[in-house]
Amino acid sequence: MEENKTTITRQEAIAVLTAPGQPYELVKKDVHGYPCRVFRNAPETLKDLFDSTRSDVEFFVYDDERYTFEDMYRRACQVANMLVLDYGITRGDRVAISLRNYPEWVIAFHAITSIGAIAVCMNALWQSEEMEYGLAHAGIRVLFADQERVDRVRQVYHKLGLKVLAIRPNKPLPADIPLLQDAMSVHDDLSMPEVEINADDDATILYTSGSTGHPKGAVSSHRNIISALFSWELDLQVGGYILRGGEPAPAIPPDQTHGSVSLLGVPLFHVAGSHAVLLSSYRLQRRVVSMYKWDVDIAAELIEKEKISHFTAPAAMTGDLVETAIKTNRDLSSLQAVGGGGAPRAPEQVQRIATSFENANPGTGWGMTETNAIGTGIGGPDYLLHPSSSGRPSVVLDFAIVDSDGNHLPANERGELVVRGTSIVRGYWNRPEANAETFTDGWMHTGDVAYLDEEGYLYIVDRIKDLVIRGGENIGCGEVEAALLAHEDVLEASVYGIPDERLGEEIGTTIYCRQAIDGDELRGFLLNHLARFKIPRYINTTPSPLPRIASGKIAKRKLRDQAQAKLGY
């Protein structure tokens, strides 16, 4: 009989794999002025990461187009030289990307971050007003945009002094908006421009919705992002080390030979897409199959055709896939892991993932744009035992639960979740008031109400911030209320979340109107001000002023409860 392997705990595995001399050795280093745990052997910058992962292994698939890592690298070199020589982009300049999940998104990101500029990964769902705000606020020099986004900036790019490069247009372009393909083709230098870049230089800005006002631009350094990537790698190694009962862990190999392929169904302007799927694939030499937009039937077809092994997406999308697995005869047996994040997954869906796919383990985690997507993680049998948990913290992060006075609370007591560590952004771009509100002595206030149990498992139970999370998209209620109030007949507005089986939450609103307003007419009005996903599905009108609490604020909880009761919740 085979002897039982030694039982290894997660903490024991981490201690071994991060010890001095190990590939994932951790050392103490100041990051943004605070002592943090840093991976000694990680690449210093994204450029170093890209340079070290060049190969002829197939990397990126979009429709009938297929590119190796080297193909993408060479194109990125052309774009980088174009940005430096033709557009005068230098270290610290902001360059925006706003397009679908095309290969050009990856190429542009690679080029921008490799020359020390800052890649501003704009939400491609933003409408004209939202784009104008983001472009102006970040001081964008150059914008990479596809046809939809070109159409949205045509009226403002001259006013903003913005240079636009068009990707895959299907209409005639203004004379001063060149095709990216034409602009880059004159540069045949297939080496990156020499630019000094430091690990703590700004690398990206991603805009995230807050509870009030305009979205905030979260600024990440190269070190922040790479710490997140190495944290995921370490989690993989820890899992393998435990399964092997403490046998030495092999170095991360090119695992293409093992059929490792990720489906990119989430937008690249989210950290789930850019970090968890795209950037984490470089060192793994993992193939990425990209979708134009989410369509569960196309996703199932791609899983079968491309032998997809890994899929990470919000609960709404993984739930769609579970339903398709049950209802169709598609061969989805290649799936090994179905990860989640962005919004809580119902415990029932956790069980259904485990039973609906022949070989797939469910997984999830808690993370934010501000943490560069990492935070906690849980998967496989552990997730089935703790289906309501978001998992245990990453080794480069510290977690705490605090009361309203900032006092740390013991296990199982609920309070606000605060986080600090190597992957946390340095702050928000040109938003000192938001920085003062969010960061205290290195700790970031998440706005989530949570508790940690005795074993260190995190449970998210509520939100302090006035947000709706719809299919993984954070929507600031204040932003939607401001757009509603821009209508001449809306006198007061309150926006809140309504439970939704697929998306987690939908947007509801109660408005006090000067006169009766047709819901469809109001939604049409909002299309000029908000991205479509932010527009309320449920609109309740009242001819009387909205109720208020003692402080004079609108009684949002009462209005939400009334709206939910009306819908049978």
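Reader: What makes D441 count as buried or exposed?

Author: D441 has a relative accessible area of 59%. A residue is buried under 20%, exposed over 50%, and partly exposed in between, using a 1.4 Å probe and protein chains only. The value for D441 is 59%, so D441 is exposed. A word on the source: this is a predicted model, in which local features need pLDDT of at least 70 and side-chain atom pairs count only at pLDDT 80 or more, while totals for chains, interfaces and linings use all residues. Residues are numbered from 1 along each chain as its sequence is written, and side-chain values use heavy atoms, with hydrogens and water left out.

Reader: Where is D441 found?

Author: D441 is in the loop between β21 (439-440) and β22 (443-452). Strands are DSSP runs of E with at least two residues, helices are runs of H or I with at least four, and both are numbered from the N terminus. Phi of D441 is near 50 degrees, which is a positive value in a residue other than glycine.

Reader: What is phi of D63, and where does D63 lie?

Author: Phi of D63 is near 50 degrees, a positive value, and D63 is not glycine. D63 lies in the loop between β3 (58-62) and β4 (65-68). The relative accessibility of D63 is 58%, so D63 counts as exposed.

Reader: Which residues does D93 touch?

Author: Touching, or contact, means heavy atoms within 4.5 Å. Not counting residues up to four places away in sequence, D93 touches G88, A117, I118 and R141. The side chain of D93 also reaches the backbone nitrogen of T90 at 2.8 Å. A polar contact is a pair of N or O atoms within 3.5 Å; within protein, one must be able to donate a hydrogen and the other to accept it, and residues adjacent in sequence count only if both atoms are side-chain atoms.

Reader: Which side chains have a polar contact with that of N540?

Author: The side chain of N540 has a polar contact of 3.3 Å with that of Y496 and a polar contact of 3.0 Å with that of K566. N540 is in strand β28 (residues 538-542). With a relative accessible area of 15%, N540 is buried.

Reader: What is the order of strands in the open sheet?

Author: The open sheet has seven strands in the order β8-β7-β5-β6-β9-β10-β20, with mixed pairing. Two strands pair if DSSP finds at least two bridges between them. β8 (163-167) and β20 (427-428) are the edge strands, since each pairs on one side only.

Reader: How many bridges join β5 to β7, and how many join β5 to β6?

Author: Five bridges join β5 (residues 94-98) to β7 (residues 140-146), and these strands run parallel. Four bridges join β5 to β6, also running parallel. V95 stands opposite V142 in β7 and opposite A119 in β6.

Reader: What hand has the crossover from β5 through α4 to β6?

Author: The β-α-β crossover from β5 through α4 to β6 is right-handed. The word applies if, with the strands pointing away from the viewer, the path from the first strand over the helix to the second runs clockwise.

Reader: Why are the buried residues of α1 said to line one face of the helix?

Author: In α1 (residues 10-17), the residues R10, A13, I14 and L17 are buried. Seen down the axis of α1, the buried residues fall within an arc of 100 degrees, so they line one face. The arc is that of the directions from the helix axis to the C-beta atoms. These buried residues pack against α8 (222-243) and β17 (392-393).
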